[in-house]
Structure formats: C-alpha cells, structure tokens
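Subject: Handover of a structure and the findings from it

Dear colleague,

Please find below the structure that I am handing over to you. I would ask you to keep it open while you read the notes that follow.

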Amino acid sequence: CSSRADKKTAPCTQALLDAGIGRVIVGGIDPDPRHHGRGLAELAAAGIEVFDGVLPDACTAINRPFARWLTLDRPWTIAKWAMTLDGKTATRTGDSRWISGEQARTQVHTLRSRVDGVVVGFRTAVADDPDLTVRHVDGQHPVRLVVDPRGELRPESRLAQTANDIPVWALVREDAAPHRLDALERQGVVIVRIPSNESAVAARGRGLDVAAAWRELRHRGMRRLLVEGGGRLLARLLAAECVDQTLCYVAPKIVGGVDAASPVAGRGAARMDEAMPFAESYVAVCGDDVAIGSFRL
C-alpha cells in the first residue's frame with residue numbers, strides 16, 4: 001500500500017523506504033484501487049530492486065477475503081465466540097466467565113485493538129455488563145457498540161459510565177423512547193438511529209434492521225467490526241449476510257444441559273443442506289483451547 005487515505009496505519013511502501021530495504025519480492029498487486037501498483041513504482045523510482053508476480057495465484061487466494069471486503073458497502077465483520085466441547089457459550093444459569101483460558105482472552109484483546117468497533121447485543125450488555133476495552137496488551141480501544149433497538153442500555157452500566165472516556169455507540173430504532181435515549185446521551189453515549197424497515201424480519205419486535213445499521217456504520221467510517229455476542233444478534237447478522245469471518249475458541253470443558261446457551265440462536269436451518277457455508281478454515285492451539293477460524297464463501 002502507498003496511501004494513508006482512510007487507514008489506521010502508515011503505508012508499508014514508506015516503511016520499506018525508511019528501513020533502507022534493497023530488494024522487495026512481490027506476490028501480487030494490492031487490489032485496493034487506492035494503491036494498485038503505485039507502491040511498486042515508488043519503490044523502483046527510489047532504486048529498490050522489485051521482483052513482481054512471484055506465486056501470484058497463491059497470494060491472490062490468501063488475499064481473497066480482502067478483495068471481497070473492497071466490494072462491501074458495510075464493515076468487514078468478524079463473529080467471535082468461545083464455547084465448550086459440547087457447544088455451550090454459557091451454563092443454564094447464564095454464567096460464562098470464563099470459558100476460554102487466559103491465552104485465548106489475550107488474543108481476543110489483541111484483535112480488539114485492531115478493529116474499529118467491538119459489538120454486542122443488548123442482552124449480552126445487560127447480562128455480562130462488559131467493558132469491551134483493550135486490556136492485557138498495548139493497543140487502541142475500539143468504539144464500543146451495542147445493538148439496542150429500544151435504547152434499554154442502563155445508564156449505570158459500565159459502558160455508559162465510561163462513555164466519555166472511551167466511545168460508546170447505541171444502535172437504536174427510530175421509535176425508541178426519547179427519555180431512555182436522553183438518559184444515555186447525558187452519560188456520553190452516541191445514539192445512532194436506524195430507520196425501521198417493518199418488511200425486514202430483523203426489524204420486527206425488539207429487533208433492528210441490522211443490514212441498514214451496518215451500512216450506516218460503514219458510512220460513519222467503520223471498516224472492520226468484531227462481534228462478541230449474543231446468539232440472537234449473531235443469528236440476525238447471519239440471516240442478513242453481514243458476517244464475513246468467524247473465530248471460535250473451543251475450551252476442553254463440558255457443561256451439558258438442554259437450557260444452556262449456544263453461539264447462534266434463532267430458528268436455525270431445518271435441513272443440513274441449508275446450513276450457511278464457510279471455508280478456508282484454519283486451526284491453532286491456544287493454551288488449552290483450540291481456535292478455529294473460517295471465512296464466508
């Protein structure tokens with residue numbers, strides 16, 4: 001990359017020049033139209049030896065998710081959860097601290113520092129009262145977002161109480177009660193009103209039109225989001241085709257119980273051939289846990 005436009009980090013072309021690198025081997029051209037070969041020209045003009053087109057097919061395959069992201073009108077969205085061996089994200093009483101181990105949690109904090117926003121649903125915000133900040137590692141805090149259709153986030157919650165220090169956005173329906181929103185705004189919470197689309201399944205009842213919300217977030221500069229629950233929100237995002245990547249931490253524990261929560265709620269598929277496909281999976285050992293990632297086809 002060669003441009004600073006709309007980027008959180010400095011362009012790597014300038015980093016190579018500053019480091020005095022003498023030879024650069026390139027696998028494939030950056031598909032981002034802001035760069036697309038201009039960086040290579042800058043390197044060559046500076047006298048750096050550039051070898052282009054080395055293993056282009058393999059490198060293009062690696063960058064396929066990034067190329068897809070360039071076509072989106074919403075943020076790239078990573079759905080992350082931790083679950084037990086039997087697929088539970090909490091016990092039957094709702095207790096979920098902690099499923100994964102310290103090493104996995106540290107990785108999640110690193111990921112938080114690399115996204116623009118971290119998102120939870122209203123029920124998760126109430127049940128867990130999370131901070132959603134970056135801890136255990138050095139890094140910038142993301143914007144903390146709550147999908148809160150009716151504006152029911154409590155003003156005394158940790159999120160609201162710290163909104164003046166670290167940004168908190170509440171995504172609400174247009175018909176949310178004004179007195180609730182006023183109370184949150186007094187705490188420093190940014191209210192993002194999303195037009196109601198009653199023809200969309202996600203917008204009925206307590207729900208929000210998440211597709212419209214995600215487009216609004218992209219309009220406000222959000223390029224990469226990390227969704228950390230809960231199950232109802234993930235179900236709505238999957239149904240709206242707003243999930244691009246998954247990251248699941250599996251802990252070597254068994255909870256059991258038909259009433260214990262699972263990662264994705266909603267009605268779910270009726271047939272196995274209706275399951276939503278993901279691919280390009282990767283697996284990594286993370287302390288006692290196993291991290292499994294995949295990308296949407």
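How do the residues of the lining of the largest cavity divide into nonpolar, polar and charged? The answer follows after a word on the model and the terms.

This is a predicted model, in which local features need pLDDT of at least 70 and side-chain atom pairs count only at pLDDT 80 or more, while totals for chains, interfaces and linings use all residues. Residues are numbered from 1 along each chain as its sequence is written, and side-chain values use heavy atoms, with hydrogens and water left out. Helices (H or I, at least four residues) and strands (E, at least two) are DSSP runs, numbered from the N terminus.

The cavity

A cavity is a set of points, on a 1 Å grid over the protein atoms alone, where a 1.4 Å probe fits but cannot get out; lining residues have an atom within 4 Å of a point. Grid points are joined across faces, edges and corners, and a volume is the space filled by probe spheres set on the points. By this rule there is 1 cavity of 30 Å³ or more, and the largest cavity holds about 30 Å³ of space. Its lining consists of Ala79, Trp81, Leu234, Leu238, Val243, Thr246 and Val264. Of these residues, 6 are nonpolar, 1 is polar and none is charged. Here Ala, Val, Leu, Ile, Met, Phe, Trp, Tyr, Cys and Pro count as nonpolar, Asp, Glu, Lys and Arg as charged, and the others, Gly among them, as polar. Strand S3 and helix H10 (231-239) each supply at least two residues of this lining.

The next topic is strand S9, which comprises residues 245-251. Buried means under 20% relative accessible area, exposed over 50%, and partly exposed in between (1.4 Å probe, protein chains only). In S9, 7 of 7 residues are buried. In a regular strand the side chains alternate between the two faces of the sheet. On one side of S9 lie Gln245, Leu247, Tyr249 and Ala251, and on the other lie Thr246, Cys248 and Val250; both faces are covered.

Two strands pair if DSSP finds at least two bridges between them. Strand S3 (residues 76-84) runs parallel to S9 and is joined to S9 by 7 bridges; within this pairing, Ala82 stands opposite Tyr249. Strand S11 (residues 289-296) runs antiparallel to S9, with 6 bridges between them, and Val290 in S11 is the bridge partner of Val250.

Helix H5 spans residues 102-112. Its buried residues are Ala104, Val108, His109, Leu111 and Arg112. Seen down the axis of H5, these residues fall within an arc of 155 degrees, so they line one face of the helix. The arc is that of the directions from the helix axis to the C-beta atoms. The elements against which they pack include S3, S9 and S11. Contact means heavy atoms within 4.5 Å. His109 has a relative accessibility of 5% and therefore counts as buried. Leaving aside residues up to four places away in sequence, His109 touches Thr133, Val134, Arg135, His136 and Val137.

Helix H8 (residues 178-186) has the buried residues Leu181, Ala183 and Leu184. Viewed down the axis of H8, they fall within an arc of 155 degrees, so they too line one face of the helix. The face turned away from the buried side carries the exposed residues Pro178, His179 and Arg186. Helix H7 (158-161), strand S6 (168-173) and strand S7 (190-194) are among what covers the buried residues of H8.

Backbone features to inspect

Most residues other than glycine have a negative phi, and most peptide bonds are trans. The peptide bond from Arg97 to Trp98 is cis, with omega near -10 degrees, and Trp98 lies in the loop between S3 and H5. The bond from Gly229 to Gly230 is also cis, with omega near 5 degrees; Gly230 is in the loop between S8 and H10.

His136 has a positive phi, near 70 degrees, and counts as exposed at 59% relative accessibility. Glu280, in strand S10, has a positive phi near 50 degrees and counts as partly exposed at 38% relative accessibility.

Yours sincerely

How values were computed: 1 Å grid on protein atoms, 1.4 Å probe; cavity = no way out; pocket = protein on both sides within 12 Å on 5 of 7 lines; lining within 4 Å.
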